Amino acid sequence: MNEDRDTLRDNEIEEIMPMIPLRGLSIFPYMVLHFDIGREKSISALEKAMMMNQTVFLSAQKNPDTELPTRDDFYQIGTIAKIKQMLRLPGDTIRVLVEGVSRGRIEEFIFEVPYFKCRVTAIKEEEFEVLSPHIIALMRSVLTSFEEYLNFNPKVSQDIFPSVASIEEPGRLADVVTSHLDIKIEEKQEILEAFDVEKRLELANTIISKEIEILQIENTITKKVKTQINKSQREYYLKEQLRVIQEELGVDEDVEDEIYEWLDQLKKLKLSPTITEKVEKEIKRLKKIQPSSAEGGVIRTYVEWILSLPWNKYSRDNKDIKKAEAILNEDHYGLGKVKERVLEYLAVIQLSKSLKGPILCLVGPPGTGKTSIAKSVARALNRNFVRMSLGGVRDEAEIRGHRRTYIGAIPGRIITAIKEAKTKNPVFLFDEVDKIGTDFRGDPASALLEVLDPEQNKEFTDHYLEVPFDLSKVMFITTANTTETIPRPLLDRMEVIEVTGYTEEDKVQIAKKYLIPKKIKEHGLKEENLKISEAAIRAIINHYTRESGVRNLEREIANICRKAARRIAEKEKQSINVTAANLEKFLGKKRYRYDKIEGENEIGVTTGLAWTLVGGDTLSIETTVLPGSGKLVLTGQLGEVMQESAKAGISYIRSRVDTLPISADFYKECDLHIHIPEGATPKDGPSAGVTMCTSVVSALSKIPVRKDVAMTGEITLRGKVLPVGGIREKVLAAHRAGIKKVLIPRENEVDLQEIPSVVRKKMTFVLVDSIDQVLDEALVK
């Protein structure tokens with residue numbers, strides 16, 4: 001190795017300089033080239049080189065797609081170049097003009113941050129006093145091959161040949177010729193790494209010869225393509241015999257057989273005369289054009305779509321109401337309203353065969369089984385099931401399809417789903433209908449109006465098919481978390497069924513009958529391997545989940561199953577019993593405490609009830625009285641409606657200072673600060689009116705509020721308590737939190753019927769008409 005270094009030392013000079021990796025680009029000595037750089041490291045290296053002697057080392061990346069290369073991502077042999085000019089372009093890009101000076105080899109990296117800096121050995125070109133006959137022969141061969149290459153490749157101008165032919169240095173000739181070839185970076189790198197001039201010329205000659213051979217093949221292929229195009233144009237003039245035309249176009253008798261088969265299928269479908277006439281017209285058009293043409297492919301796809309739809313195929317409904325009810329109860333616990341509506345539909349079908357499919361909208365918090373009940377409905381009715389998620393859909397073409405004038409047009413997802421269902425009367429689920437969007441591509445919600453209107457969907461017309469298709473026999477079911485974001489015209493066409501949250505007892509039964517057996521099977525366990533006691537299930541519900549549905553409950557059960565599976569796989573135990581006592585070993589420390597009310601009765605702190613998209617929740621409202629001039633401060637991301645409720649409550653208190661145990665001049669002497677914790681969560685709505693009013697009265701009178709009392713209701717300036725929504729969800733949230741008494745507006749008395757009897761027995765409900773009744777019940781006497 002030392003001997004080799006000694007022999008190369010005469011034509012090598014070591015220098016330290018910045019290095020710039022090149023993507024998809026190679027540069028040779030004596031070559032002038034401009035390129036753009038935009039990466040931070042490359043810009044830093046360029047700026048450093050400009051401050052020094054304007055010399056930089058350029059090396060090609062092995063993979064051009066590598067955005068942040070390291071020392072192993074580019075070649076060690078490159079080109080030392082002189083920066084001639086640099087120009088800053090918009091967008092943090094710099095255009096650089098460089099001239100190659102000599103070959104170089106990286107000996108050592110000095111550092112890589114903030115740019116690549118390395119010690120480079122400059123390799124001087126071998127000089128010849130007299131060229132040998134072999135080198136002269138190689139140079140002539142390279143020039144001859146390059147001239148032939150220029151004749152075959154129109155992309156490279158032939159005007160460059162005289163300047164190339166005038167080059168006398170053999171090494172430089174090989175470099176210049178290679179730089180004009182349209183070849184891969186790897187092949188140019190081989191030339192760059194060939195220090196021996198004879199070897200470099202031989203390598204260049206081999207590469208040019210290969211490129212000439214490839215160009216000859218390309219020209220042959222181009223001529224064949226032109227010949228085929230000429231044959232297609234002759235189609236218009238060939239009128240002699242059908243066989244001769246088919247030979248010229250490359251068409252065989254199978255196309256005719258296929259057309260006759262389509263006409264036979266169309267006849268068997270027994271479609272309406274209008275549809276039949278249109279499809280026949282399209283099939284006959286296919287006879288007159290070249291089937292392999294673009295238009296022929298469009299017609300073929302269109303006809304295949306028409307013939308593949310279930311125009312007259314129906315699944316036979318299960319009319320046994322008892323059997324259907326058993327299937328629904330087998331798959332789901334609760335959801336009585338949904339089951340009742342489906343069974344009513346079956347009963348009417350038995351009496352009237354012409355009933356149109358119902359359009360149901362299941363509205364409720366996440367995890368309450370809205371999507372899965374739709375699958376059970378399909379199984380109970382003995383119908384096929386298809387699903388389409390509307391979450392984030394913004395293009396009207398998703399519903400109605402694309403017109404056939406567009407390239408790549410396809411039918412909408414509704415027709416596509418009907419085709420997949422293979423019957424005309426499936427159960428069709430539109431999931432997340434409340435999250436449908438709109439933009440410049442159209443309004444999908446408006447397109448759904450026709451689909452979900454029993455009077456219009458009998459002749460639903462997809463833009464691609466351009467013929468009506470009957471959707472009136474389809475049973476449409478939609479799901480949503482709230483009706484607030486559903487457009488009113490669309491909501492008007494659907495029958496809304498509330499799917500509210502589950503009680504603790506409901507969740508226990510769901511876990512025992514459905515979730516635990518399902519998860520045991522999914523995790524490869526057997527019933528005897530894992531036992532979860534009812535007390536443990538209740539502990540999971542109360543201390544590890546906080547939801548209206550059962551989605552998180554299912555996750556926690558799956559968590560237990562995974563840990564049990566590991567212990568069994570490691571042969572620690574063959575049977576694992578999970579109880580309330582050892583539950584923390586599987587799920588960790590308790591996250592929530594719903595089973596008891598913590599703390600003492602406090603002044604100015606009340607418990608309100610809120611209704612969110614994920615169900616009911618408790619809301620703690622705090623009020624502090626400070627010396628001041630009557631300012632009101634509201635914090636906790638309160639919406640406009642909630643702020644107005646607070647101001648209305650303050651006005652009511654000021655009007656009743658004579659009857660309340662508070663100072664008559666509090667609004668002059670004190671500042672009030674009302675805060676609702678969890679300030680990162682926006683809050684709004686009228687339901688907290690009585691809660692904030694009670695909190696302020698408690699803070700001003702120094703009378704504590706009972707900790708086990710929760711309340712909800714809107715307040716007026718006259719002290720009336722107005723009704724609010726979401727009573728069932730709010731009461732269930734209060735029950736989960738351990739609240740014993742709930743104050744609700746008297747006009748919401750009818751909503752108490754929706755609350756499960758198990759919850760009603762454990763709680764006390766006080767119906768109130770005015771804020772005076774609320775204060776009497778909530779403040780500690």
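The structure is a predicted model, in which local features need pLDDT of at least 70 and side-chain atom pairs count only at pLDDT 80 or more, while totals for chains, interfaces and linings use all residues. Residues are numbered from 1 along each chain as its sequence is written, and side-chain values use heavy atoms, with hydrogens and water left out.

Asparagine 425 lies in the loop between helix H16 (413-421) and strand S9 (427-431), where helices (H or I, at least four residues) and strands (E, at least two) are DSSP runs numbered from the N terminus. With a relative accessible area of 4%, asparagine 425 is buried; buried means under 20%, exposed over 50%, and partly exposed in between (1.4 Å probe, protein chains only). Leaving aside residues up to four places away in sequence, asparagine 425 touches Tyr314, Ser315, Asp317, Arg383, Lys473 and Val474, a contact being heavy atoms within 4.5 Å. Its side chain reaches the backbone nitrogen of serine 315 at 3.0 Å.

Strand S2 (residues 32-37) has a covered face of Leu33, Phe35 and Ile37, and an uncovered face of Val32, His34 and Asp36. S2 runs antiparallel to strand S5 (residues 93-111), joined to it by 6 bridges, and two strands pair if DSSP finds at least two bridges between them. Within S5, arginine 95 is the bridge partner of aspartate 36.

Valine 225 belongs to helix H7 (residues 197-233) and is partly exposed, because its relative accessible area is 40%.

Methods. Polar contact = N/O pair within 3.5 Å; in protein donor to acceptor, adjacent residues only side chain to side chain.
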